[in-house]
Amino acid sequence: MSVERADRLAKLVAEQGLERMLVTNLVNVRYLTGFTGTNGACVCGPRDRAFLTDFRYIERAASEIGGWELVAVSVEWMTGLAERLSGRCGFEDQHLSVRGLRELTEKAPEGAELEPAGGLTEQLRRIKDDDELKAIGEAAKLADEVYEWTIDQGLAGKTEVEVAPAAEAKIRELGGEPAFPPIVAAGANGAMPHAEPGDREIGNGEMLIFDMGAQLNGYCSDCTRTFAVGKPSGEATEIYELVRDAQAKSLDAVAAGATGVEVDGVARTIISAANHGDHFGHGLGHGVGLEVHEAPRLSQRSEDVLESGEVVTVEPGVYVPAKLGVRIEDLVIVTDDGHENLSSLPKELRVVE
């Protein structure tokens with residue numbers, strides 16, 4: 001697998017007029033090589049397949065990586081990386097610090113030219129293979145199980161900060177890791193899209209935003225449901241149904257060939273027509289994979305065109321300041337004729353205790 005990915009990156013590198021690419025971002029390194037340690041880099045090009053790490057990880061690398069030359073760096077790290085550079089060499093300018101670039105430039109052999117070439121590996125990561133789709137699907141299934149478990153434990157009367165860590169612990173009990181710190185936001189706290197759980201008690205009659213994902217074998221899931229804890233108000237029910245309608249119709253727009261702007265616009269038009277346009281201030285969705293936020297983007301400013309095999313979220317929301325928030329989020333695989341939904345939880349307004 002890593003050899004095939006390296007071949008595709010090497011092709012992109014050559015198309016950029018480069019001889020090789022230095023990859024230092026650990027997520028990209030893992031994607032290309034399978035390495036799961038915390039210190040590694042690789043040099044990839046039409047004639048290069050070198051993975052570099054230090055003494056601590058050389059045995060792990062030997063067990064995880066195939067098809068790459070393994071190099072144990074015994075000198076200062078940047079010196080060891082610089083020694084592998086020659087000719088026109090791309091680097092990940094969106095990840096490498098200014099200081100790091102200066103060190104590489106100073107230590108690189110004569111004739112080595114460092115060229116910004118960030119985003120090439122991320123471009124490959126957008127379209128998932130069958131193994132990646134399976135891993136993401138399993139992570140989504142685990143998270144859905146934890147949602148149901150959490151509801152079964154009861155929500156009314158608990159604090160937000162009680163619910164969130166309990167869900168994280170359950171994810172770990174089932175063999176995963178939280179993909180990100182869960183968002184548990186009740187009542188007025190739900191009006192903050194990325195609220196952090198606090199010691200606020202979840203009250204009867206309140207709406208509760210619950211945003212959570214699991215990570216399995218390196219791959220993430222992401223899902224949000226909004227629950228009514230006890231009987232909701234008429235306003236809350238109306239807003240919930242508005243968001244549910246916007247989410248359903250924007251899901252219908254997801255397919256290969258659709259643009260991120262177009263899909264975002266479906267939900268935004270519906271919400272704006274209900275005079276809540278100012279209460280939907282974030283993008284409709286984002287890619288998910290080795291990272292919980294990656295390309296492509298579904299937003300007003302997106303330049304992306306969806307392709308089959310990408311995995312994206314569809315998550316419109318309405319956030320009324322000092323009152324409530326509602327967000328509904330599914331995780332879907334883009335297909336040629338639509339999408340495959342990985343989120344199994346129902347989306348009818350669910351009243352829980």
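Val314 is buried in this predicted model, because its relative accessibility of 0% falls under the 20% limit for that class. The residue belongs to strand S15, which covers residues 311-314. Leaving out residues up to four places away in sequence, Val314 touches Gln247, Ser250, Leu251, Val254, Leu284, Leu298, Ile328, Glu329, Asp330 and Val332. Ala248 is 66 residues from Val314 along the chain, and the C-alpha atoms of Val314 and Ala248 are separated by 9.1 Å.

**The largest pocket**

The largest pocket holds about 480 Å³ of space. Its lining is made up of 28 residues. Nearest the centre of the pocket lie His194, His282, His286, His293 and Glu315. Two elements give two or more residues to this lining, namely strand S13 (285-287) and strand S14 (294-298). By residue class, the lining of the largest pocket divides into 11 nonpolar, 9 polar and 8 charged residues.

Strand S14 also contains Pro296. The peptide bond that joins Ala295 and Pro296 is cis, with omega at about 5°.

**The mixed sheet**

An open sheet is formed by 4 strands in the order S8-S9-S12-S20, and the pairing within this sheet is mixed. Its edge strands are strand S8 (183-186) and strand S20 (351-352), each of which pairs on one side only. Strand S12 (residues 223-229) and S20 run parallel and are joined by 2 bridges. Across this pair, Ala228 stands opposite Val351 of S20.

Helix H8 (residues 160-173) lies across S8 and strand S9 (206-212). The angle between helix H8 and S8 is about 155°.

Thr159 is found in the loop between helix H7 (130-152) and H8. Is Thr159 buried or exposed? Thr159 is buried, because its relative accessible area of 17% is under 20%. Apart from neighbours within four places in sequence, Thr159 is in contact with Gly198, Asp199, Arg200, Glu201 and Ile202.

**The antiparallel sheet**

A further open sheet consists of 3 strands in the order S7-S10-S11, with antiparallel pairing. Strand S7 (177-178) and S11 are the edge strands, and each pairs on one side only. S7 and S10 are joined by 2 bridges and run antiparallel. Glu177 has Gln215 in S10 as its bridge partner. Helix H7 lies across S10 and S11, running at about 140° to S10.

**Parallel pairs around S5**

Strand S5 (residues 88-91) pairs with strand S1 (residues 20-23) in the parallel sense, over 3 bridges. In this pair, Met21 stands opposite Gly90 of S5. S5 is also joined to strand S6 (residues 113-116) by 4 bridges, and these two strands run parallel. Here Phe91 stands opposite Pro116 of S6.

| Strand pair | Sense | Bridges | Facing residues |
|---|---|---|---|
| S12 and S20 | parallel | 2 bridges | Ala228 and Val351 |
| S7 and S10 | antiparallel | 2 bridges | Glu177 and Gln215 |
| S1 and S5 | parallel | 3 bridges | Met21 and Gly90 |
| S5 and S6 | parallel | 4 bridges | Phe91 and Pro116 |

**Positive phi in two loops**

Asn217 is not a glycine, yet its phi is positive, at about 50°. The residue sits in the loop between strand S10 (214-216) and strand S11 (219-220). Asn217 counts as exposed, because its relative accessibility of 59% is over 50%.

Ala322 likewise is not a glycine and has a positive phi, of about 65°. Its place is in the loop between strand S16 (317-320) and strand S17 (324-327). Ala322 is also exposed, since its relative accessible area of 69% is over 50%.

Definitions and conventions:
Residues numbered from 1 in each chain as written. Predicted model: local features only at pLDDT ≥ 70, side-chain atom pairs only at ≥ 80, totals over all residues. Heavy atoms only, no water. 1 Å grid on protein atoms, 1.4 Å probe; cavity = no way out; pocket = protein on both sides within 12 Å on 5 of 7 lines; lining within 4 Å. Points joined across faces, edges and corners; volume = space filled by probe spheres on them. Nonpolar A, V, L, I, M, F, W, Y, C, P; charged D, E, K, R; others polar. Pairing = 2+ DSSP bridges. Contact = heavy atoms within 4.5 Å. Axes fitted to C-alpha atoms, helices over the stretch in contact; angles between N-to-C directions. Buried < 20%, exposed > 50% of the residue type's maximum accessible area, 1.4 Å probe, protein only.
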